[in-house]
Amino acid sequence: MIFGFLKPTQMSPRLHRLKNSALFSTLTPLELKIVDGLLHERRYLKDEIVFDEGEEGQALYLLMSGRVRISRLHEGMTQVVAELEPGGFFGDLALLDNTPRNAQARAIEPCEMAVFFRADFLGLMETDAVIGYKISLALARHIGRRLREWMGTGRPQLEAL
Amino acid sequence: MNNGERAGPVVWTGIIAATCLLLLVVKQLLWLALPFIFGTVLHYILLGPMQRMVRAGYGRNAAALLVCLLFFALASLALAAALSWNDGPEEESWEKTIGLYLDGGVAFVHNTMTLLEARFPVLAEMHLTSSVNKAFRTYTDNFAQEHLGEILVGVATWIPSLLLAPFLTFFFLRDGLRFKRFLARAVPNAYFERSLYLLHEVDQTARRYFEGLLKLTVLDTAVLALGLWTIGVSSPLLLGLISAVLAWVPFVGSVAGCVLVVIVASTDAPSNPFVAYGAIGVFVLVRLLDDFVFMPLTLGRSLRVHPLVTVLMIFVGGALAGVVGLMLVLPLLGVVMVIGETLGRLVTNPRLRARHRYARALRTRQASVDLDIARERRGAPTPNAEQAAK
């Protein structure tokens, strides 16, 4: 037990699924295990709302199975912004700041999600800077990609959350 | 989370009522309350080192165990060093040492009374010294019959329950995160994010309070030890530490700490009562510094409660649960306040309640997808039953 740190960390199927997400793809098995210890599991039924537009955002959602539709109200009409597949994540801006959600997320299939609470992420940045910077870099790349897409297409902010 | 939205009078009445109720429960479960407090304090001290060990590749079990073992080994060594490093009066046995210090305390009271009578003749006319001596004698003569048995039974009851503290610390460290996830799992999806925030705030409130208390103890110990060392009292660091820990209990703890310091000072210099007066001066100075400088810097920031409510609740805590009530009323009030304010916001949010009702309806519909309840009530066979019959 005392020399357990010498053993390589085994990757469970759940850790493999986390590794497949762009957010955690750069983490080592040990780092993934630490992050997994902080994630909460949630299950949503088809049509169930994950969060509303304008709600205070406190967490990032990582889609493990099922599909989620992101939509927002634009001039009184519901505008579909994106539909996310397993491995995708949303609510990422809530991880960086405390601003309200700027779109609604609704399950369009029964979904299983891993939820990363903002305070846990900030705590991780303090206690484990390496994991913190890897996740922050992945988030920055994700937001940068969105920005490039928006500049290229002139469309409103994709997956804006 | 929007903190600008403050709770109303109904929520605050509930918060105060819940705090009082918890204090009464604590009073009944005193044997568990103290080890629980020590366990919580140690958990917050050891959490950082344990997280570093987990990061180094240790399992949570091994990391919690190693951190606890290391801490208790170091604490035992420090205690042994403090006990052996004694520059006070030497005696053959600890019973004699205790007797010596008690005699020193009694002699200090006697000398002070004599000095006061010499300075103020009106006190001599009132026979102050003989009255105090009589009261002392009455108390000490009956001490063995009236109190010694109670004290010994109390010690025999408390020592096993205090041994719970290391076990609680270990399990708090190992399973704290798991317990938080377990609690969060019970929350419906609609309230999930806000409940996570609530759990986090409760944890932060308790952590801020106990970390503040630890910082305050370190500051008090250092300043008191410096003051006592300056006037030449023996074992200043150990005395400072004991007094600072006793000060965890508002009012009563400070008085007990002061009495302890005076007893040691008067025993160290029996012929010079001014050392003991100096010790009282140092103690009062440290208490003033503590109340007006250290406490606002440490504990004051931990609980965002109005000062008037804080003072009133300390009295209520003392009246309801005695010394432990005095000690626990503020952290309990802080935690109940966070829970009450957040729950108040959750249950009064119409959109969250509507979402929760909708999710429940979805679950009911999913659970009864192949069940025609109306048809069943009419007594007609359900489609599944018809299919089975075919």
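Here are my notes on a predicted model, starting with the contact between the chains.

**Entry 1: the interface.** I looked up who takes part: 41 residues come from chain A and 33 from chain B. Together the two chains bury about 3,200 Å², with 52% of that on carbon and sulfur atoms. On chain B's side, B:R55, B:R181 and B:E193 supply 23% of the area buried against chain A, more than any other three residues.

Entry 2: I get eight salt bridges between chain B and chain A. One of them joins the side chains of B:R363 and A:E48, at 3.0 Å from N to O. Which helix gives the most to chain B's side? It is α14(B), with seven residues. That side splits into 17 nonpolar, nine charged and seven polar residues.

**Entry 3: a network in chain A.** A:R67, A:R69, A:E83, A:E85 and A:E109 are linked in a network of them. A:E83 and A:R67 meet at 2.6 Å, N to O. A:E83 sits in strand β5 and A:R67 in the loop between β3 and β4, so this pair ties together parts 16 residues apart in sequence.

A:R67 also forms a salt bridge with A:E109, at 3.6 Å; those two are 42 residues apart. A:E83 bridges to A:R69 as well, at 3.1 Å, and A:R69 lies in strand β4.

Notes:
Residues numbered from 1 in each chain as written. Chains lettered and ligands numbered in written order. Predicted model: local features only at pLDDT ≥ 70, side-chain atom pairs only at ≥ 80, totals over all residues. Heavy atoms only, no water. Contact = heavy atoms within 4.5 Å. Buried area = accessible area lost by both parts, 1.4 Å probe. Salt bridge = Lys/Arg side-chain N within 4 Å of Asp/Glu carboxyl O. Helix = DSSP H or I, 4+ residues; strand = E, 2+ residues; numbered from the N terminus. Nonpolar A, V, L, I, M, F, W, Y, C, P; charged D, E, K, R; others polar.
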